[in-house]
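User: I am new to this structure and would like to learn how to read it. Could you take me through it feature by feature?

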Amino acid sequence: MPKKLYFLLLLALVLLAACSYDSEKAVKNGDVINMNGPVFNFDRFEQFLDSVEADDAASVRITNYTHEGNPTLYNVTFDGSVFSLEIDRSKNKERGDKPAKEDMSCTELVAEEGQQLFIYKLEGCEQHESSIDSFLLINILKVQIEDDAH
């Protein structure tokens, strides 16, 4: 009987590990990673912004981690005029009653400058026949951008 129990525990651990999306995996996949403060692979986001500014098709994945380490993935594509956003919460253990995946389309990417942050939002969004004024994509500390510039 104990061997079966150990086998079941081992199987459960393997399944949990397979379902996780830790920051190391996100880095390997080239995601822009927001760890509630520092943002990693920021250069990928800058490349995306440059393409958007030039009206060129582009895509980027932003992985936002909660304080508990649960990821929510934002897959953003731009076709030269419209932004498509897929929100993937399937790997977030604490998503509550929010759907595992949602899709929306938006008309504009807006950058706002706060006192300590640059804030990037999608605006003019439509989702399942309803409108959303804006959707926060990512906040980036000004200090980090200044550090990257040197």
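Analyst: Start with burial. Buried means under 20% relative accessible area, exposed means over 50%, and partly exposed lies in between, using a 1.4 Å probe and protein chains only. Cys106 has 1% relative accessibility, so Cys106 counts as buried. Before going on, note that this is a predicted model: local features need pLDDT of at least 70, side-chain atom pairs count only at pLDDT 80 or more, and totals for chains, interfaces and linings use all residues. Residues are numbered from 1 along each chain as its sequence is written, and side-chain values use heavy atoms, with hydrogens and water left out.

User: How many disulfides does the structure hold?

Analyst: A disulfide is a pair of cysteine sulfur atoms within 2.5 Å. The structure holds one. Cys106 and Cys125 form this disulfide, with sulfur atoms 2.1 Å apart. The link is right-handed, with 105 degrees about the S-S bond.

User: How do I read strand pairing around strand 8?

Analyst: Two strands pair if DSSP finds at least two bridges between them. Strand 8 and strand 9 pair in the antiparallel sense over 10 bridges. Here Cys125 stands opposite Ile132 in strand 9. These two strands form a hairpin with two residues between them. His128 in the turn has a positive phi of about 45 degrees.

User: How many bridges pair strand 7 with strand 8, and in which sense?

Analyst: Six bridges, in the antiparallel sense. Glu112 stands opposite Ile119 in strand 8. A hairpin of three residues joins strand 7 to strand 8.

User: What is a nonpolar core, and where is one here?

Analyst: In soluble globular proteins, nonpolar side chains tend to be buried together. A nonpolar core is a set of buried Ala, Val, Leu, Ile, Met, Phe, Trp, Tyr and Cys residues joined through side-chain atoms within 4.5 Å. The largest one here has 26 residues. Those with the most contacts inside it are Phe45, Phe48, Phe83, Leu85, Leu137 and Ile138. Elements giving two or more residues to this core include helix 3 (42–53), strand 5 (83–88) and strand 9 (130–141). Helix 3 gives the most, with five residues.

User: Which residues does Phe45 touch?

Analyst: Contact means heavy atoms within 4.5 Å. Leaving aside residues up to four places away in sequence, Phe45 touches Val32, Ile62, Tyr120, Ile138 and Ile140. There is also a second, separate core of five residues, including Tyr21, Ala26, Tyr65 and Leu73.

User: Is Thr63 buried or exposed?

Analyst: Thr63 is buried, with a relative accessible area of 0%. Thr63 is found in strand 3 (residues 58–65). Not counting residues up to four places away in sequence, its contacts include Tyr21, Ala26 and Leu73. The side chains of Thr63 and Asp31 are joined by a polar contact of 2.6 Å. A polar contact is a pair of N or O atoms within 3.5 Å; within protein, one must be able to donate a hydrogen and the other to accept it, and residues adjacent in sequence count only if both atoms are side-chain atoms.

User: How many salt bridges does a search of the whole structure find?

Analyst: Side chains of opposite charge can pair when their charged atoms come close. A salt bridge is a side-chain nitrogen of Lys or Arg within 4 Å of a carboxyl oxygen of Asp or Glu. The search finds four. One of them joins Asp88 and Lys101, the closest N and O atoms being 3.9 Å apart. Asp88 is in strand 5 and Lys101 in strand 6, 13 residues apart. Asp88 counts as buried, at 7% relative accessibility.

User: How far apart are the closest N and O atoms of Arg89 and Glu102?

Analyst: They are 2.4 Å apart, in a salt bridge. Arg89 lies in the loop between strand 5 and strand 6, and Glu102 in strand 6, so the pair ties together parts 13 residues apart in sequence. Arg89 and Glu102 are both buried.

User: What about Glu113 and Lys142?

Analyst: Their side chains meet in a salt bridge of 2.8 Å, N to O. Glu113 is in strand 7 (residues 108–113) and Lys142 in helix 4 (residues 142–149), 29 residues apart. Glu113 is exposed, with a relative accessible area of 58%, whereas Lys142 counts as buried at 16%.

Key: Helix = DSSP H or I, 4+ residues; strand = E, 2+ residues; numbered from the N terminus.
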